[in-house]
Amino acid sequence: MTFAGAESAHATLYTLKSPTDVVVGQDKSVVTVYEDTLYDLARKFSLGSEELIRVNPGIDPWLPGAGKTLVVPDSHILPPGPHEGIVVNLPEHRLYYYPKPKRGGPIEVITYPVSIGKMDWRTPLGLTHVIGKQKNPVWYPPESVRKEHAEAGDPLPPSVPSGPDNPLGLFAMRLAAGNGTYLIHGTNNPIAVGLAVTHGCIRMYPDDVAALFPLIPVGTPVRLINEPIKVAWVDGELLLEAHPPVDAQGQSFEPNIDQFAERLRTAVGETTVAIHWDYAREVLEKADGVLATVALEADDPNAP
């Protein structure tokens, strides 16, 4: 499926055909027009900026030019674990939300790109939940953040009211982690969504957080996970989705291919498969998040 320019909207709501579905979406393409930038297109298609840049190497993100056909990565292997509440996979820079299905209704998942913590501002891993929601939040920069900005010659006031200068945007959801200091919130700097640029919080595009905010009840469980590799069996094919791993501070780093390969072996387990290891290692090394078929389920020689 091909779109033209950034004017085409992209849905982030997927309906699962069955509870066992593990893959959603379908990769697409877009043909650029003169006014496009990859940052505009990333926001329009609900992708992180680096997510779109990574799968279109050699394209100038600010001046791609008209008539360029770009890959729009829109297929995802669902994160491991329960399909409930909110799940944030840090290496993927992506949030998944599983609304409670209505009686007899379909199972759905909504997914958005996010920014995560950087440097020594660690986004905590594990299970937590939403303990509060606020529209038009006031930002009270922690003393450590004010000190950092002061040392950089950019002093911050004790509080920043709601408005265009507030880095929390217009919506914030507080998590029961880090003494309640961690938030899922909007931003006044949407170009940075998809990067490790926040002080531990989870940052979303303004339009995305505005859509998600009213759907989330207080008490919603939130799982923060660190899974750079996801795999799924679909119709006898092993699909692999690899992302640059992140360290304890949320910083991406070059993958150790041997360790990545060992993760893949663990994911396959005892299943009898024929893995194309040269191609699998190429996919692991690229770590661009695009799904690839790296193995086929082999016939069991011991089967009757």
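Biologist: Leu63: buried or exposed?
Modeller: This is a predicted model: local features need pLDDT of at least 70, side-chain atom pairs count only at pLDDT 80 or more, and totals for chains, interfaces and linings use all residues. Residues are numbered from 1 along each chain as its sequence is written, and side-chain values use heavy atoms, without hydrogens or water. The relative accessibility of Leu63 is 67%. With buried under 20% relative accessible area, exposed over 50% and partly exposed in between (1.4 Å probe, protein chains only), Leu63 counts as exposed.

Biologist: What is the phi of Asn136?
Modeller: Most residues other than glycine have a negative phi. Asn136 is not a glycine, yet its phi is positive, at about 50°.

Biologist: Where is Asn136, and what is its relative accessible area?
Modeller: Asn136 sits in the loop between strand E11 (126-135) and helix H3 (143-151). Asn136 is partly exposed, because its relative accessible area is 43%.

Biologist: Which loop holds Asp235?
Modeller: Asp235 is not a glycine, and its phi is positive, about 50°. Its place is the loop between E17 and strand E18 (237-242).

Biologist: Why does Asp235 count as exposed?
Modeller: Look at the loop between E17 and strand E18 (237-242), where Asp235 lies. Asp235 is exposed because its relative accessible area is 77%.

Methods
Helix = DSSP H or I, 4+ residues; strand = E, 2+ residues; numbered from the N terminus.
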